[in-house]
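Please look through the protein shown here before reading on. The report is written for someone meeting it for the first time.

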Amino acid sequence: MLTFVFLCFSLSVTGIHAAFQVTVSSPVKVKENQGIDLQCSYTADFGATPRVEWKFKDLKGSQTLVYFDGKPTGQYVGRVTMYTGGLRFSKVTRGDTGDYDCEVSGNGGYGENTIKLTVLVPPAKPVSRIPSSVTTSSNVRLTCFDPVGSPPSTYKWYKDNTPLPDDPTKFPAFKNLTYKLNVFNGNLEFPSVSKMDTGSYFCEASNGEGVPQRGDQVKMEVRDLNVGGIVAGVIVALLAVGLLLFGLWYASKKGYLPKLSEKKQKPQAVYTQPQTDDVDEVNGFRQKSSFVV
């Protein structure tokens, strides 16, 4: 009983201490070309001179060293300095958006923590792809993309200067439309496009920084499939093939085309009579070769 009371008294006086703990600031947002401090503190367990390193992971998952072996690396030279308690950027760019790991080691202990940095960049004019002509009942996708906005932009689509709601089924004026709009990747998709979808379209990108940017407006025409034209084309093609075959038959019948090569005859041997002046040395005459091929 006395031991239990003594233990409780000791905990209340000394408190509970977490060894080798690393603490960082909350997520940071800063405008492009401005300076910023990323704060990182640690407990005394690491010793008086612990080893502190910083690593960076971009939005694509690629990881690089920012501060290693007591100095900045590569692209961070001249614009990054480390001090006791943090890392200071003199100027940030849009490429600095990502996660920063503060890693501390010393006295046989190790700890790390991560700060998320977002560099704020207004959107640029989005790149959109809108077909000018499509056929009814086909699957059609319109795309929109802002390549520079940070954080990533969200998207709106307009038809004939009227904004399209994210979910058309919730609005009476759009309930007969069957498009699907993804505000995060900018896609506007028509699973089965109809003539009601004919109109002038453009998209808009925004991310809360600066003025929303709009892409080029393009009119999309929805046409019926020309079945009659396809059938006529097939008939014309068949007639052309028929005329060609008839012409070849007629030319062959009249002898205008060369006949197939006849089977080659084997060469025959020709016998030649010996000349009378060929005299054999023994019998009084001589005979030469009498076969000519």
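Predicted model: local features only at pLDDT ≥ 70, side-chain atom pairs only at ≥ 80, totals over all residues.

Residues are numbered from 1 along each chain as its sequence is written, and side-chain values use heavy atoms, with hydrogens and water left out.

The protein contains 2 helices and 22 strands, where helices (H or I, at least four residues) and strands (E, at least two) are DSSP runs numbered from the N terminus. Of its 293 residues, 29% are buried, buried meaning under 20% relative accessible area, exposed over 50%, and partly exposed in between (1.4 Å probe, protein chains only).

The largest nonpolar core has 25 residues, and Leu 38, Trp 54, Val 66, Leu 87, Phe 89, Tyr 100 and Cys 102 are those with the most contacts inside it; such a core is a set of buried Ala, Val, Leu, Ile, Met, Phe, Trp, Tyr and Cys residues joined through side-chain atoms within 4.5 Å. Strands that each supply at least two residues of this core include S3 (36-42), S4 (51-58) and S9 (98-106). Apart from it lies another core, of 21 residues, among them Leu 142, Leu 164, Tyr 179 and Val 183.

A search of the whole structure finds 2 disulfides, each being a pair of cysteine sulfur atoms within 2.5 Å.

| Disulfide | S to S distance | S-S torsion |
|---|---|---|
| Cys 40 to Cys 102 | 1.9 Å | about -80° |
| Cys 144 to Cys 203 | 2.1 Å | about 70° |

Because of its torsion, the disulfide of Cys 40 and Cys 102 is left-handed, and the pair links strand S3, which holds Cys 40, to strand S9, which holds Cys 102, 62 residues apart. Cys 40 is buried at 3% relative accessibility, and Cys 102 is buried at 0%. The torsion of the disulfide of Cys 144 and Cys 203 makes that bond right-handed; Cys 144 lies in strand S13 (residues 140-145) and Cys 203 in strand S18 (residues 199-206), so parts 59 residues apart in sequence are tied together. Cys 144 is buried at 2%, and Cys 203 is buried at 0%.

Helix H2 (residues 227-253) includes Leu 248, which counts as partly exposed at 45% relative accessibility.
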